[in-house]
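Work through the exercises below with the sequence and the 3D view side by side. Try each task before reading its solution.

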Amino acid sequence: MPSDAVNAQPESALTAAVLTPEGRGAVAVVGVCGPGATAACAKFFHPAGARPLAVTPHGQIRFGAWRNKSDETGGATAAEELVVCLRSVDDLEIHCHGGVAAAAAVCESLKSAGCRIVAADEWLAFREPDAVAREADLALAKVRTARAAGILLDQRAGALRNEVPAIEAALTAGDCASAASQLRILCDRGRLGLRLTEPFRVALAGRPNVGKSSLMNALVGHARALVFDEPGTTRDVVTSRAVFDGWAVELADTAGVRTTTSELEAAGIAAAVREHGRADLVLLLRDASEPAAAGDQELVERYPEALLVWNKIDRAAPTGLARLSGLEISALRGEGIDELIAAIVERLVSEVPPSGAAVPFTGRQLTILGDAAAHADQRDAGPASERLKHLFVAAVT
Ligand SMILES: Nc1nc2c(ncn2[C@@H]2O[C@H](COP(=O)(O)OP(=O)(O)OP(=O)(O)O)[C@@H](O)[C@H]2O)c(=O)[nH]1
Ligand SMILES: [Mg+2]
């Protein structure tokens with residue numbers, strides 16, 4: 001969205017937006033405001049009972065039928081039963097069925113009545129002056145877990161805003177070191193903040209046949225990936241979403257890594273390596289029932305940060321295989337899976353912010369805080385303060 005959109009005054013024009021994410025909930029909400037908003041809705045909305053929409057007390061909901069052709073154009077049309085809330089003069093919310101079609105049909109009707117249809121971020125830009133609150137509203141529409149929603153609701157309620165005066169006071173007092181350290185704490189928390197709306201990426205890596213796909217299935221609780229007793233079964237990257245301890249995670253099962261003459265398998269291995277490279281955490285699987293093989297050590301060296309997992313502990317261990325570190329599991333029998341999940345969570349979220357803590361959650365916020373921290377490190381209190389001012393006033397991007 002252009003940066004000046006925040007200053008636009010669409011209230012002066014009839015405007016509508018779908019305020020809920022596409023196809024996620026049972027109910028979609030369309031906001032309508034501007035001169036003539038009530039009259040525009042009344043063209044299509046036929047409330048149950050005799051009272052016209054315009055005389056509805058503010059804040060009260062009205063049930064009725066929405067006919068997507070106005071009475072003027074006539075013709076028999078399908079009607080959708082929905083609810084309209086007159087929030088204040090010419091400021092309404094239409095609560096229709098969820099999914100894409102119902103909200104699109106409502107917008108289409110309104111457009112035919114001269115209403116400008118805008119995206120939710122543009123709608124928020126002129127209704128909510130606080131940029132962080134706007135970003136929280138947009139983020140809340142994307143969030144998948146109650147835990148993430150709780151952190152975002154804290155930010156919506158001002159957790160991040162309330163943290164800034166102390167930093168500004170330190171800068172004003174010339175205590176740049178204190179300001180910088182407060183800013184760094186926020187930046188550190190931002191790593192988690194960015195994952196409130198996008199899942200953590202966890203990739204499974206290892207040689208062929210060690211049980212990566214079996215582990216994927218054990219972690220998500222259903223047969224997502226094909227398991228077969230033949231090395232080289234998985235070729236493509238197979239992803240699946242899960243929630244571990246309230247954090248959204250996307251697991252990626254990948255092709256087993258080995259030297260191969262097959263072009264197809266090599267393409268799968270290249271895709272696997274790319275996936276490992278962009279993961280927040282790599283689970284490096286080894287087969288605890290097989291002697292060490294060529295390539296094992298190479299993988300350990302390639303992924304020094306990986307969480308080492310020994311699979312197939314239900315089978316007898318070969319003599320001489322040293323399992324110095326790592327977790328022991330049986331993907332087949334489900335042994336050690338809970339402990340593995342706990343270890344994954346610990347690696348992804350090393351420090352859970354206390355309830356009500358400030359947690360930056362967008363790239364824009366983190367850039368500003370990082371810039372301010374860099375200025376504070378240079379003892380440039382003025383530019384640091386100046387940069388911080390943009391946290392709450394900028395446009396949603
Ligand atoms: N005994 C035992 N067998 C297992 C375990 N995990 C997987 N297997 C078996 O090992 C074989 C290979 O399993 P997969 O999950 O397909 O292995 P993979 O690492 O995905 O293999 P590729 O896709 O070829 O790289 C299958 O026969 C599985 O049933 C385990 O914990 N114990
Ligand atoms: Mg596999």
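## Exercise 1: Two partners in a salt bridge

Arg147 has a relative accessible area of 30%, so this residue is partly exposed (buried is under 20% relative accessible area, exposed over 50%, partly exposed in between, with a 1.4 Å probe and protein chains only). The model is predicted: local features need pLDDT of at least 70, side-chain atom pairs count only at pLDDT 80 or more, and totals for chains, interfaces and linings use all residues. Residues are numbered from 1 along each chain as its sequence is written, chains are lettered from A and ligands numbered from 1 in the order in which they are written, and side-chain values use heavy atoms, with hydrogens and water left out.

**Task.** Find the salt-bridge partner of Arg147 and say which parts of the chain the pair ties together.

**Solution.** 
- Step 1. Apply the rule: a side-chain nitrogen of Lys or Arg within 4 Å of a carboxyl oxygen of Asp or Glu.
- Step 2. Arg147 meets Asp245, with the closest N and O atoms 3.4 Å apart.
- Step 3. Arg147 lies in helix H5 (residues 146-156), and Asp245 in the loop between strand E9 (238-244) and E10, so the pair ties together parts that are 98 residues apart in sequence. Helices (H or I, at least four residues) and strands (E, at least two) are DSSP runs, numbered from the N terminus.

## Exercise 2: Strand E8 and its neighbours

**Task.** Is strand E8 (residues 200-206) enclosed or open, and which strands pair with E8?

**Solution.** 
- Step 1. In E8, 7 of the 7 residues are buried, so the strand is largely enclosed by the rest of the structure.
- Step 2. Sort the side chains: Phe200, Val202, Leu204 and Gly206 point one way, and Arg201, Ala203 and Ala205 point the other way.
- Step 3. Look for partners. Strands pair if DSSP finds at least two bridges between them.
- Step 4. E8 runs parallel to strand E10 (residues 247-253), with 5 bridges. There, Arg201 has Glu250 as its bridge partner.
- Step 5. E8 also pairs with strand E11 (residues 281-287), parallel, over 5 bridges. Here Ala203 stands opposite Val282.
- Step 6. Return to Arg201 and Glu250: they belong to a salt-bridge network with Arg241, Glu275 and Arg278.

## Exercise 3: Cysteines

**Solution.** 
- Step 1. The search finds 0 disulfides (a pair of cysteine sulfur atoms within 2.5 Å).
- Step 2. The closest cysteine sulfur to that of Cys187 is in Cys176, 15 Å away, so the two are too far apart for a bond.
- Step 3. Both are buried: Cys176 at 2% and Cys187 at 16%.

## Exercise 4: Aromatic pairs

**Task.** How many aromatic pairs does the structure hold?

**Solution.** 
- Step 1. Use the rule: rings of Phe, Tyr and Trp (its six-membered ring) pair with centres within 6.5 Å; planes under 30 degrees apart are stacked, over 60 edge-to-face, the rest tilted.
- Step 2. There are 2 aromatic pairs.
- Step 3. Phe44 and Trp66 are stacked, 5.5 Å centre to centre with 20° between the planes.
- Step 4. Trp123 and Phe126 are edge-to-face, at 5.6 Å and 65°. Both lie in helix H3, 3 residues apart, about one turn of the helix.
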